[in-house]
Amino acid sequence: MGLWRRHRAAFALPALGRALTVNPATLFRGAMGAATHVPAKARWVTFFCALIVAALLLAVMPDRVFGLAFILALLLVMGSLEVLVRTLRTIARRVAEHPRIAGQFALRIALSGLYRPDSALRPTLLSLGSALTLLVASTLVVHTLLLTIEETVPQRAPALVFYDIGATQKADFEAVVRGAPSLTQLDLAPLVLGRLVEVGNESLRDSADLERQIEARDEHKMSTLQNNFDQVVVTRGTWWPADYQGPARVAMEDREADQLGLQIGDTLTFEILGHSVTAELAAIYAQKRLQSRLWLEAIFSDGVLDPFISRYVGMAYMDGSDAATTQNRIAAVQPNVVTVRTSTILDEARAILTRAAAALTAVGAITLLASLLVLVSVIAASRVRQIYLATVLHTLGARVAAIQRALYIEHLLLAWVTAVFAATIGSALASLLLQYRLELDLGHAWWSGGLVAIMVSTTALSLGARHLIRQLRVSPAQLLRGFDT
C-alpha cells in the first residue's frame, strides 16, 4: 500500500505543482490557455518520490535484475514519449505552414491542434500511450507463449518422458517401449545424484561465501553426454570428442556455474555415493527453456559415472495415440517406473497460461481504464478552448462539416501516432523479455500487438471526437457568452 501511495504521489506532484502556478485572478476571470510551469520544488519532490518507489520496487522484487530492467523500461517509455511529443509538434508546425496545403482548411486546423500550447498531444500520449505499451507487451508475451505451447513444443517434444528405470530393468523396459508401432526414437541415459564439494583447492562447505556453502548442500542431477540427448546449448567452452577416453571432464549448467563463478579449466570435485570424483570443467551449457526435458546440472564424459549408475531416465517419440497405451503397458510390468505424457503437461500449461492471460488482461484493463480517465479529464479541461475556437470559426463563416472533419482528422492522427508508438515500443519490450527470460522469438505473434493498439487507440479517441462534435451542437451565441451557462 505504501508503494502504491508513493507511486501515485510521483505522478501527481508535477500536475499539482503546475496547477498551483496559476494566478487566482486568472481563474476568476475564466481566462483559458494561461501559461503554467512546473516549479523546481515540485520537480525535486517528484524526483525523490520516484527514487523511493524505485528502491521499494527493487526491495520487494524476487529478482533485482528483473526489477531494474522494469525501471529502465519505464524510463525508456516515458523518455521516448517526451521525445515523440516534441518531434511531432515540430513536424506538425512545419507541415501546417507548407504552401502545398494552403487550401486544406480541415487539415491545417487538425495539425494546429497538435502544436498549440493548449494541445492535448502530450497528456494523450503520456496517458494512453504508456497504457497501450503495457497492454501490447502483455498481449505479445501471452500470445507467443500460447503459440509455442500449441505449435512449437508439441512438434519437438517427446510423447513420453521416463524416470527411475532400474539398471537391471533397462533391457526389458526397452523391449516394452519398442513395441509401440509409431515409435521413431528412444533415448535412455543414466541419472546419478551428487554434490559439488570443491572448486580447485577450496572446499565449498568451509567457504566464507554463503552461496558456496549452500551450493555444497545442493544435490545435482548428473548424466553422460549420450549424443546430447537433452539438446542443451554450449555457451562457453566445447564438448569433448565422441571417442574421448582421457581424464574425466564435465560440463556444468550456466546457472550453477555463474552462481559459483566457475571458469573453463577449473578443477571440480564431486561427492557421489560417498566417493570423490574429480573432473576438469570443459564446457558450460544453457537449457533450451521450454524445450528442456530433464534439466541436468552436470554432464560427464563417458565412463566417469559408470560405477555409480543404478537408474536411467529417458524419452520416447511416438504418436499421441500410442503414448497412453505404452504408458499402461509399462505400468503393468514395471510399476516403479515413472512415466509422464507430454500432452498432459501441455494441457496443464495451457490452463496455467489461460489463467495468466486473464490476470494480464485484468491488469491491462485497469491500467487502460486509468489512462482513459486521464484522457476524459484532458478532453473535459483542455478541449474547452478547442470548442471555443471551433465555435468562433463557425461564427465567422466556417462550415460545421469542415470543423467536424478537422476534429476527426486530429483525433485520427493522435490515434495513429499512439498506436504506432505502443506497437513499436511494446513489441520491443516483449521481444527483449521473451529472449532474456525464455529464449523465444515473437515469430507469428507480432501482428497481435499492433492490432490491439490500433483497436484501443482508435476506439478511445473516436469517442473523444464524437463528444467534442456533440458539444458543437450548442448554439454559438451560448458558447461565446460563457461555458457555465
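Is Arg205 buried, exposed or partly exposed? I looked this residue up in the model, which is a predicted one. Arg205 has a relative accessible area of 41% and is therefore partly exposed.

**Entry 1: the partner of Arg205**

I next looked for a charged partner. The side chain of Arg205 meets that of Glu271 in a salt bridge, with 3.3 Å from N to O. I noted that this pair links distant parts of the chain, the two residues being 66 residues apart. Glu271 belongs to strand E8 (residues 267-272), whereas Arg205 lies in the loop between strand E4 (202-203) and helix H8 (210-217). Glu271 counts as partly exposed because its relative accessibility is 29%, between the limits of 20% and 50%.

**Entry 2: other salt bridges**

I recorded a count of seven salt bridges. One of them joins Glu253 and Arg255, whose closest N and O atoms are 3.2 Å apart. Which of these two residues is buried? I found that Glu253, at 1% relative accessibility, counts as buried. Arg255 is partly exposed, at 42% relative accessible area.

I also examined Glu82 and Arg86, whose side chains form a salt bridge of 3.5 Å, N to O. Both residues are in helix H4, and because they are four residues apart, about one helical turn separates them. Arg86 is exposed, with a relative accessible area of 57%.

**Entry 3: the nonpolar cores**

The largest nonpolar core has 41 residues, and Leu121 and Leu125 have the most contacts inside it. Which elements give two or more residues to this core? I listed helix H4 (64-96), helix H5 (105-115), helix H6 (121-156), helix H11 (342-381), helix H13 (400-438) and helix H14 (446-471). The contribution of H6 is the greatest, at 12 residues.

Leaving aside residues up to four places away in sequence, Leu121 touches Val85, Leu88, Arg89, Leu114 and Leu414. A second, separate core holds 23 residues, among them Val192, Val199, Phe270 and Leu305.

Finally, I asked which residues make the nonpolar surface patch of about 450 Å². The patch is made by Trp44, Phe47, Phe48 and Leu51. I placed Phe48 in helix H3, which covers residues 40-60. Phe48 counts as partly exposed, since its relative accessibility is 47%.

Conventions: Residues numbered from 1 in each chain as written. Predicted model: local features only at pLDDT ≥ 70, side-chain atom pairs only at ≥ 80, totals over all residues. Heavy atoms only, no water. Patch = residues over 30% accessible without salt bridge, like charges linked within 9 Å, V, L, I, M, F, W, Y side chains within 5 Å. Areas by Shrake-Rupley, 256 points an atom, 1.4 Å probe, with all protein chains shown as cover. Salt bridge = Lys/Arg side-chain N within 4 Å of Asp/Glu carboxyl O. Buried < 20%, exposed > 50% of the residue type's maximum accessible area, 1.4 Å probe, protein only. Core = buried A, V, L, I, M, F, W, Y, C linked by side-chain atoms within 4.5 Å. Contact = heavy atoms within 4.5 Å.
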